[in-house]
Amino acid sequence: KQLNNDGINKNDKKYIKEKRDLANWFIEAIYQRRLTMVNVMRIIIESQKEWFAGDLDFLNPLKLQDIADKINMDISTISRSTRGKYVDTPYGIFELKYYFTDSIRLKDGELVGTFVIKKALDKIIKSENKENPFNDDALVEELTNKGYILARRTIAKYRDQMGYPVARLRKEI
């Protein structure tokens, strides 16, 4: 065996260097992931100020691409870093994807997150008279009264997505 000045075999020294380099790479990868998560969460909090301030019925429209643009990263990196991740808030534990919501342009031109409309729809359905529940046309009228002017088919789609059946199936006697 050939020993160096420090008494270590050349092959052993090479092996140790490879393992040390691999460990350093691994530590750097963990650091980068942490940095990405911190940056993503910072943008989510900045984008959803109202929600984090206590208005749990309100989320601004937010897409993965919005975050990718703000922190100069690829959308696939943002997608991977948010998939299956949760945040512990004063209001409970939420999956990061909860904070991403599409937007819809109302007839008056206002841009509103679909989350807000679905929350309003949820409140209407939960508070309706169960003996005479609102049909989709009545739901449209109720949402219009709240300032959300949408087509009946859009409301029906949201109702379906939220797991609510049509009025006749929600009826309780």
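Residues are called buried under 20% relative accessible area, exposed over 50% and partly exposed in between, with a 1.4 Å probe and protein chains only. Helices (H or I, at least four residues) and strands (E, at least two) are DSSP runs, numbered from the N terminus. The structure is a predicted model, in which local features need pLDDT of at least 70 and side-chain atom pairs count only at pLDDT 80 or more, while totals for chains, interfaces and linings use all residues. Residues are numbered from 1 along each chain as its sequence is written, and side-chain values use heavy atoms, with hydrogens and water left out.

Strand 1 covers residues 86-89, and its side chains alternate. Val87 and Thr89 point to one face and are buried. Strand 1 pairs with strand 2 (residues 92-95) in the antiparallel sense, over 4 bridges. Two strands count as paired if DSSP finds at least two bridges between them. Within this pairing, Val87 has Phe94 of strand 2 as its bridge partner. Tyr86 stands opposite Glu95, also in strand 2. The two strands form a hairpin, with 2 residues between them.

Confidence is given by pLDDT, the predictor's confidence in each residue, from 0 to 100. The chain has a mean pLDDT of 90, and 97% of its residues reach 70 or more. Among the elements of the chain, strand 1 has the highest mean, 96. Strand 3 (residues 103-105) has the lowest, 81. Where pLDDT is low, the predicted coordinates should not be read in detail.

Helix 1 (residues 10-47) packs against helix 4 (residues 75-82) at an angle of about 90°, and their axes are 10 Å apart. That makes helix 1 roughly perpendicular to helix 4. Angles of 65 to 115 degrees count as roughly perpendicular, under 35 as roughly parallel, over 145 as roughly antiparallel and the rest as oblique. Axes here are lines fitted to C-alpha atoms, for helices over the stretch in contact, and angles run from 0 to 180 degrees between N-to-C directions. On the helix 1 side, the meeting residues are Thr36, Met37 and Val40. On the helix 4 side, they are Thr77, Ile78, Ser81 and Thr82. The residues of this contact divide into 3 nonpolar, 4 polar and no charged. In this scheme Ala, Val, Leu, Ile, Met, Phe, Trp, Tyr, Cys and Pro are nonpolar, Asp, Glu, Lys and Arg are charged, and the others, Gly among them, are polar.

Thr82 belongs to helix 4. Thr82 is buried, with a relative accessible area of 6%. Contact means heavy atoms within 4.5 Å. Not counting residues up to four places away in sequence, Thr82 touches Val40, Leu64, Leu96 and Phe100. Asn72 counts as exposed, at 73% relative accessibility. Asn72 is not a glycine, yet has a positive phi of about 55°. Most residues other than glycine have a negative phi.

Strand 4 (residues 111-113) holds Leu111. Leu111 is partly exposed, at 47% relative accessibility. Leaving aside neighbours within four places in sequence, Leu111 is in contact with Ser103, Ile104 and Arg105. Leu111 and Ile16 are 95 residues apart along the chain, and their C-alpha atoms are separated by 58 Å. Thr114 lies in helix 5. Thr114 is buried, with a relative accessible area of 11%. Beyond neighbours within four places in sequence, Thr114 is in contact with Thr101, Asp102, Ser103, Ile104 and Tyr158. The C-alpha atoms of Thr114 and Leu59 are separated by 8.6 Å, although the two residues are 55 apart along the chain.

The buried residues of helix 7 are Thr154, Ile155, Ala156, Tyr158 and Arg159. Their cover includes strand 3, helix 5 (114-127), helix 6 (136-145) and helix 8 (167-170). Gln161 is also in helix 7, which spans residues 152-161. Gln161 is partly exposed, with a relative accessible area of 48%. Gln161 and Lys118 are 43 residues apart in sequence and 9.3 Å apart in space, C-alpha to C-alpha. Just after helix 7, Gly163 takes a positive phi of about 85°.
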